[in-house]
Amino acid sequence: MTKPPEKTKSVRKLRCAVYTRKSSEEGLEQEFNSLHAQREACEAYIASQRSEGWVLVRDQYDDGGISGGTLERPGLQRLMADIEDGLVDVVVVYKIDRLSRSLADFAKLVEVFDRNGVTFVSVTQSFNTTTSMGRLTLNILLSFAQFEREVTAERIRDKVAASRKKGMWMGGVPPFGYRVENRKLVVDEDSATHVRWIFARFLEIGSGTELAREITKRGIRTPRGNRIDKKYIYRMLSNRAYIGEAVHKGDSYPGEHDAIIDRETWGRVHAILQESPRKRAARTRAETPALLKGLLFGPEGAAFSPTHTRKGGRLYRYYVSQTVLKHGAGSCPIGRVPAGEIEAAVIEQLRAVFRQPEIVAGTWRAARTQDGDVTEADARAALQQLDPLWDELFPAEQARIVTLLVERVEIGTEGLSVRLRMDGLAGLAREMATDIGAAA
C-alpha cells in the first residue's frame with residue numbers, strides 16, 4: 001500500500017528592507033563604497049534565510065554622509081513611512097549603530113517597529129528580534145534607553161526648578177498682560193490696563209459670571225482672540241505672576257518681571273475668593289433684587305413671582321403668575337410679563353407721584369401727625385429730590401424704596417394700577433428731610 005504524499009509546509013513570505021548609513025561623505029564617490037559593502041552583506045544574509053520566507057524588497061534605503069545621532073535622515077524617513085504603510089516585515093542592517101547611535105532614538109524606532117509588527121536584524125552582531133534571544137537583548141537595550149530618558153527628564157526638572165527659584169521665565173504661554181522679550185516677561189501696557197480693570201471690577205461686584213458678561217460687552221479678548229469666560233477670569237485672579245512672583249510646584253519665589261497688581265488689591269481679591277461661591281452668588285443676587293417681588297398680582301389676585309432665563313449669554317427676567325406655575329400655560333390671561341417693562345412702568349408712576357403737589361400735601365399731612373418737625377416744604381423738597389436722584393441709586397436701595405412706597409401692583413389686560421403706602425411716603429419724606437437738613 002502506497003503512502004499518501006506528505007503535505008508541504010507553507011512558509012509565510014517576509015519582506016526584508018536593507019538600511020545602510022555612513023557618517024562621512026568621504027569615499028562615497030567610489031564605485032564600490034561602504035554603503036555598497038553594507039548592502040552586499042545584508043543581501044547575502046537575506047539570501048541565506050530564503051528557506052524561512054525572507055525576500056528582498058526592491059527599494060533601497062541609504063543615507064550617505066549623515067550622522068547616526070539624528071533621526072532626520074531621508075533614507076530612514078522613507079523606510080519608516082513604508083513601515084507605517086505595511087510594506088516591510090523585517091529591517092536588516094549591517095550593525096545596530098547604522099540604524100541609530102542614540103539609545104533614546106533607537107527606542108523610538110523600535111516603538112514604530114512593534115506597532116507595525118516589524119522585526120529587526122543586525123547581520124554582524126547576531127541580533128535578531130525574530131528569535132527569543134534577540135528579543136531579550138532588545139529588552140535590555142530598551143531598559144537602558146528608558147533609564148537614559150528618566151535621567152534626562154530629572155536633569156530637566158532640576159534645571160527648571162532651579163531657574164524658577166531664581167524667578168526666571170521658563171517658557172510657555174505668557175499670562176494675559178505680559179509679552180516675552182529676550183526670554184523674559186515684560187509688561188504689555190495695553191493688555192495690562194485690562195488686567196487692572198478686571199481685578200478692580202471683581203472687587204466691586206464679586207462675581208466672575210457677571211464680570212465675564214461685562215468683559216464680553218467691552219470686547220476684551222485673550223491674546224489669541226478667544227472669549228474670556230468665568231474659568232479664565234478665576235485663573236487670572238489666582239495667577240501670582242501678576243504680583244511679580246514665579247511659582248513652581250505650589251511654592252512662590254520673587255520673579256524677574258514687574259508686577260501688574262499691587263499686593264493690597266491681590267489680598268482683597270483673594271479674601272473674596274476664599275468665600276463660598278454660593279454665598280457670593282447669593283449676595284450678588286441680593287444686590288440686584290426683583291423690584292416688585294411680593295408686590296405684583298394678577299386679575300384673580302394670584303401673585304406673580306420673579307424668574308429668569310438665559311439665551312445666547314444674555315439674561316432675560318420675567319414675572320410669572322402662580323396660577324400658570326400651578327395649572328400650566330393658558331390658565332391666566334396675563335401669564336408672564338417682562339420684568340424690565342413692568343418695573344419701568346411702576347417706577348415711572350412713582351416718579352410722577354413725586355412731582356404732583358397734591359400727593360406731596362397728603363404726604364406732609366400724614367407725616368405731620370407723626371412728626372411735628374416735618375413741614376410741608378420739607379416733605380415737598382424731600383420727595384422732589386428723589387426724581388433726579390433715582391437713576392444714581394443702587395439697585396438694592398431702589399428696591400427698598402419701592403417696598404416702602406408701594407403696597408400693591410395689580411396688572412390686568414387693560415393695564416396696571418399702583419396702590420401707594422401713605423405711611424411709607426411719610427416715612428420716606430422724614431428720611432429725606434433729615435438727610436437734607438444734615439447736609440445743610
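**Figure 1. Accessible surface and overall make-up of the protein chain.** The accessible surface of the chain amounts to about 26100 Å², and carbon and sulfur atoms hold 50% of that area; areas were computed by the Shrake-Rupley method with a 1.4 Å probe, and for residues only the protein chains shown count as cover. The model is predicted: local features need pLDDT of at least 70 and side-chain atom pairs pLDDT 80 or more, whereas totals for chains, interfaces and linings use all residues. Residues are numbered from 1 along each chain as its sequence is written, and side-chain values use heavy atoms, without hydrogens and water. The chain contains 16 helices and 16 strands, taken as DSSP runs (helices H or I, at least four residues; strands E, at least two) numbered from the N terminus. Of its 440 residues, 38% are buried (buried, under 20% relative accessible area; exposed, over 50%; partly exposed, in between; 1.4 Å probe, protein chains only).

**Figure 2. The loop between β7 and β8.** Asparagine 182 lies in the loop that joins β7 (178-181) to β8 (184-187). Although not a glycine, asparagine 182 has a positive phi of about 55°. Arginine 183 belongs to the loop between β7 and β8 and has a positive phi near 65°. Both side chains can be inspected here: asparagine 182 is exposed, with a relative accessible area of 75%, and arginine 183 is exposed at 71%.

**Figure 3. The largest nonpolar core.** This core has 29 residues, where a nonpolar core is a set of buried Ala, Val, Leu, Ile, Met, Phe, Trp, Tyr and Cys residues joined through side-chain atoms within 4.5 Å. Leu292, Leu296, Tyr319 and Val402 have the most contacts inside the core. Two or more residues come from each of β13 (314-321), α12 (339-355), α15 (395-405) and β15 (406-412), and α12 gives the largest share, seven residues. Leucine 296 is in contact (heavy atoms within 4.5 Å) with residues including Phe304, Tyr319, Ile342 and Ile411, leaving aside residues up to four places away in sequence. A second, separate core of 28 residues includes Tyr178, Ile228, Ile243 and Ile261.

**Figure 4. The second largest pocket.** A pocket is an open set of points on a 1 Å grid over the protein atoms alone, with protein on both sides within 12 Å along at least five of seven lines; lining residues have an atom within 4 Å of a point. Fifteen residues line this pocket, and Val173, Pro174, Pro175, Phe176 and Tyr232 are the closest to its centre. Helix α8 (residues 230-237) gives the most to the lining, with three residues.

Note on methods
1 Å grid on protein atoms, 1.4 Å probe; cavity = no way out; pocket = protein on both sides within 12 Å on 5 of 7 lines; lining within 4 Å.
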